[in-house]
Amino acid sequence: TECVSGCVCPEGLFDDGRGGCVEEKDCPCIHNNQWYSSGDKITVDCNTCTCQKGVWSCTDDVCYGTCMIYGSGHYITFDGKFYDFDGSCEYVATQDFCGDKNPSSSFSVITENVPCGTTGVTCSKAIKMFLGVSNDSQYISEYKEIQRDVGGDVQYWNRTVGLYLVIEASNGVMLIWDKKTTVFIKLSPNYKGKVCGLCGNFDDKSNNDFTTRSGLQESNALKFGNSWKQSPMCPDVTEEIKPCDLKPHRKSWAEKECSIIQSEVFKICHSKVDPVPFYEACVHDACSCDSGGDCECFCSAVAAYAQECTKAEACVFWRTPDIC
C-alpha cells in the first residue's frame, strides 16, 4: 500500500494538536477554538481557569448575576433564559420582595414599556429603581434623578462609562443603561434565589424562571409577563407579535442585515454564546422598527450579542464606517 500521511508520536509523548509532540504535563487546552499552553490562565465570568495537562482547572467563585432587557421586548434572565414579551405597561423587572421567601424589601427595578413602531412591539422607555425599605430614592432614566426624602439606608453612585449610564447601590444592585433601549441589571451573589420578576429568580436554574407574582410556575411567557404588571388597568398581552409576518417587505432586509451575527465576523464567539436567539431577536427588531430609527434597532440588537461575547472573553470588532 502507499504511504499514508500523518504523524504518530514516540512512546510517552502526546500529539499536541499543533503538529508537535509533547510530554503529558505540557499538553495544551482548547477554549473557544483557541489553543492555550499548559499554565496559561483565562477568565470566564468571574472565575480564573488554568490549563493543567490538557484540562482546565477553574476556581468556583459565585459570580454577579446579569439580567438583560433590550430591543423590542427581549429578555435574558439572570439564569440565562431567553424569551420575548411585548407588554405596554410598567412591569417589575426584578425585586427582592417575593412574598413568604423574603418578606422584607431593599430594592425594586421597574421597567416602563411603550409601543415602538406600528406593529405593536414594545421597548423599555424608562427604568425606575427604588432603593431602601420606604422607596426613598427613585431613578428615572431620562437623564433626571428624582429624589424624595433622602433615606439613610442605601447609598448609591452614578457615573457614565462610554455609552452607558451606570447606577451602583451599596446593597449590591447595579443598573447599566445605554440611554436607548438596552438595560443590564446586575445583582451580587447574596441575592441568589431571593429575587423575582421578569428577570427570573437567580437560582442558577433556568427552567423555573417563569414564576408568576403569585408564586406559580408558568410555561407560557405571556401569562408569566402579565402577572408582573404594576397596574391592573393595563391590558394583558394575549398573543405573541411576529413583526416580520406583519411587514413581509422588511423581512429580507432584516435577514440580510442581521446575518452579520452568524457570519465570520463573530466566528470567535459562536462556540461560546449561541448566536441563534440573538439573530432571531435581531430580525424581529429590524422588522418591527418601521417608524424611524430602524438602523438603531438593528445596531442595538447586534450590540447585545457583542456584549455577551465580550462577557465570554471573545472580543469582536464589528462596527465599521458602513455598519453602525
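A disulfide is taken here as a pair of cysteine sulfur atoms within 2.5 Å. The model is predicted, so that local features need pLDDT of at least 70 and side-chain atom pairs count only at pLDDT 80 or more, while totals for chains, interfaces and linings use all residues. Residues are numbered from 1 along each chain as its sequence is written, and side-chain values rest on heavy atoms, with hydrogens and water left out.

Across the whole structure, 13 disulfides are found. One of them joins Cys-116 and Cys-123, with the sulfur atoms 2.0 Å apart. The torsion about this S-S bond is about 75 degrees, so the disulfide is right-handed. Burial is assigned by relative accessible area (buried under 20%, exposed over 50%, partly exposed in between; 1.4 Å probe, protein chains only). Cys-116, at 16% relative accessibility, is buried, as is Cys-123 at 8%.

A further disulfide links Cys-258 to Cys-282, with an S to S distance of 2.0 Å. Its torsion of about -80 degrees makes the link of Cys-258 and Cys-282 left-handed. Helices (H or I, at least four residues) and strands (E, at least two) are DSSP runs, numbered from the N terminus. Cys-258 belongs to helix α3 and Cys-282 to helix α5 (residues 275-288), so that the pair links distant parts of the chain, 24 residues apart. Both Cys-258 and Cys-282 are buried. By contrast, Cys-27 is in no disulfide, and the nearest cysteine sulfur, that of Cys-51, is 8.4 Å away.

Cys-51 takes part in a disulfide with Cys-29, their sulfur atoms 2.0 Å apart. This link of Cys-29 and Cys-51 is right-handed, with 90 degrees about the S-S bond. Because Cys-29 lies in strand β3 (residues 29-31) and Cys-51 in strand β6, the pair ties together parts that are 22 residues apart in sequence. Strand β6 (residues 47-52) runs antiparallel to strand β7 (residues 55-58), and 4 bridges join the two; strands are said to pair if DSSP finds at least two bridges between them. Cys-51 stands opposite Trp-56 in β7. The hairpin of β6 and β7 has 2 residues between the strands, and in it Lys-53 takes a positive phi near 50 degrees.

The structure holds 13 aromatic pairs, defined for rings of Phe, Tyr and Trp (its six-membered ring) with centres within 6.5 Å (planes under 30 degrees apart stacked, over 60 edge-to-face, the rest tilted). Phe-78 and Phe-202 form a tilted pair, 5.3 Å centre to centre with 40 degrees between the planes. Phe-78 is in the loop between β9 (74-76) and β10 (82-84) and Phe-202 in the loop between β19 (183-187) and α1 (221-226), so the pair ties together parts that are 124 residues apart in sequence. Phe-78 is buried, with a relative accessible area of 10%, and Phe-202 is buried at 1%. A tilted pair is also formed by Phe-266 and Tyr-305, at 5.2 Å centre to centre and 55 degrees between the planes.

Most residues other than glycine have a negative phi. Phe-202, however, has a positive phi near 55 degrees. Asp-204, which is placed in the loop between β19 and α1, has a positive phi of about 70 degrees and is exposed at 55% relative accessibility.
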